[in-house]
Amino acid sequence: MKILGIETSCDETAVAVVENGTKILSSQVASSEEFHKKSLGIIPETAAREQLKSIIPVLDEIIKPFNHLTIDAISVTVGPGLIGSLIIGVETARTLSWLWNKPIIPVNHLVAHLYANFLQFKNIPFPAVGLVVSGGHTELVLLKDHGKITYLGGTRDDAAGECFDKTARILGLGYPGGPAIAAMAAKFQIPNSKFQIKLPRPMLNQDNFDFSFSGLKTAVLRATKANKPYLAWEIQEAITDVLVAKTLKASKKYQAKSILVGGGVAANSRLREKFAKSANVFIPDPKLCTDNGAVIATAAYFNKKFTPWQKIKPNPGLEITDNL
Ligand code: KG4
Ligand code: ZN
């Protein structure tokens with residue numbers, strides 16, 4: 001079964017065709033990141049305009065080699081995300097659905113981040129604990145099976161990605177902050193440096209699965225005189241320590257047979273290194289961690305909620321457990 005995947009929830013315009021949820025036949029991603037670098041963060045209006053400019057060229061590239069009759073369904077991110085950006089993908093999907101007479105499968109962007117694992121790996125056992133760490137979300141869920149998701153906890157304020165982005169801005173490292181902090185942290189030589197300020201590990205020892213990263217940002221604001229590579233290293237350590245500890249705790253409590261990690265922050269090497277010490281942790285290749293159309297098609301394949309185009313609409317506030 002061939003599914004077209006359309007993703008436009010934020011600043012990436014991405015389209016892909018995936019066969020049976022596991023084989024990428026074609027995938028393209030255009031990004032307006034360059035525009036947002038200048039503003040050190042995403043301006044929703046700019047992101048939406050760039051989506052509009054990119055969607056037809058990207059779609060054209062993908063569709064050209066395919067006879068559209070061989071495409072069985074169209075999948076599209078309906079939320080969460082920026083409304084102006086979501087509309088572009090959703091209206092494109094609706095138009096194609098009407099034109100080709102194919103059903104649409106609506107996809108939750110956060111669920112799709114976890115499904116990057118089903119795209120890349122075979123035989124992932126359930127129950128699984130899922131950690132979504134994207135730019136705007138940090139969420140822990142329990143997946144009993146495809147389509148059976150229970151919320152365990154999430155951030156009470158800033159998401160982990162947001163914390164990387166905001167602390168990078170404080171340190172003058174530019175946008176997106178995650179890769180910038182990681183690059184600066186790589187310059188820190190542990191044996192040669194005196195440890196300076198220790199940042200907090202928010203909510204690490206609390207008996208729940210919630211997170212809070214906004215205090216870290218304040219702590220970094222007070223520590224800007226510290227050596228920059230050290231501070232970047234310590235930010236990365238603090239964020240990844242909390243993410244890993246809470247995920248492993250959830251996995252133990254719910255006797256999970258696997259842990260699935262997804263979202264842009266899952267591209268972080270230090271996070272991957274820490275998770276690698278535990279068994280049965282699945283983290284996709286970095287290019288599948290950030291936004292792309294293939295994971296949308298995969299999530300659609302494993303949760304085939306065929307829907308007529310008339311019923312599809314964008315939902316910026318969609319939650320990870322919302323059954324579409
Ligand atoms: O999932 P994503 O591509 O977009 C959203 O759905 O939000 O995630 C973007 C987030 C940004 O906050 C970015 O700083 C972070 O992922 N990120 C990273 C890395 N690459 C991207 N954070 C830490 N280390 C990285 N290597
Ligand atoms: Zn994302």
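This is a predicted model: local features need pLDDT of at least 70, side-chain atom pairs count only at pLDDT 80 or more; totals for chains, interfaces and linings use all residues.
1. Strand 6 and strand 7 (residues 138-145) run antiparallel and are joined by six bridges, and within this pairing G130 stands opposite V141 in strand 7.

2. Residues are numbered from 1 along each chain as its sequence is written, chains are lettered from A and ligands numbered from 1 in the order in which they are written, and side-chain values use heavy atoms, with hydrogens and water left out.

3. Contact here means heavy atoms within 4.5 Å, and angles run from 0 to 180 degrees between N-to-C directions, with axes fitted to C-alpha atoms and, for helices, over the stretch in contact.

4. Another open sheet of five strands has the order 3-2-1-4-5, again with mixed pairing. Its edges are strand 3 (23-31) and strand 5 (104-108), each of which has a single partner strand, so one side of each is left without a neighbour in the sheet. Neighbouring strands of this sheet are turned by 20° against each other on average, direction ignored. Strand 1 (residues 2-7) and strand 2 (residues 12-19) pair in the antiparallel sense over six bridges, and the bridge partner of E7 in strand 2 is A14.

5. Two helices pack on the sheet that contains strands 1 and 2. Helix 2 (residues 44-63) touches strand 1, strand 2 and strand 3, its direction making about 25° with that of strand 2, whereas helix 3 (residues 83-100) touches strand 1, strand 4 (73-79) and strand 5, its direction making about 155° with that of strand 4.

6. The axes of helix 5 (residues 160-170) and helix 6 (residues 177-185) come within 7 Å and cross at roughly 60°. The crossing is left-handed, a term that applies if the near helix is turned anticlockwise from the far one by less than a right angle. F164, D165, T167 and A168 in helix 5 meet G177, G178 and I181 in helix 6. In the loop between these two helices lies P176, and the peptide bond from Y175 to P176 is cis, with omega near -5°.

7. The loop between helix 4 (109-120) and strand 6 (128-133) holds P127, which is joined to F126 by a cis peptide bond with omega of about -5°. N123 lies in this loop too and has a positive phi of about 55° although it is not a glycine.

8. Around ligand 1 there are 19 residues, of which H113, G135, D165, G178 and G264 come nearest; a residue counts as near if one of its heavy atoms lies within 4 Å of the molecule. Polar contacts are pairs of N or O atoms within 3.5 Å. A polar side-chain atom of D165 lies 2.7 Å from an oxygen atom of ligand 1, a backbone N or O atom of G264 lies 2.9 Å from an oxygen atom of the ligand, and a polar side-chain atom of D291 lies 3.4 Å from an oxygen atom of the ligand.

How values were computed:
Helices (H or I, at least four residues) and strands (E, at least two) are DSSP runs, numbered from the N terminus. Two strands pair if DSSP finds at least two bridges between them. A polar contact is a pair of N or O atoms within 3.5 Å; within protein, one must be able to donate a hydrogen and the other to accept it, and residues adjacent in sequence count only if both atoms are side-chain atoms.
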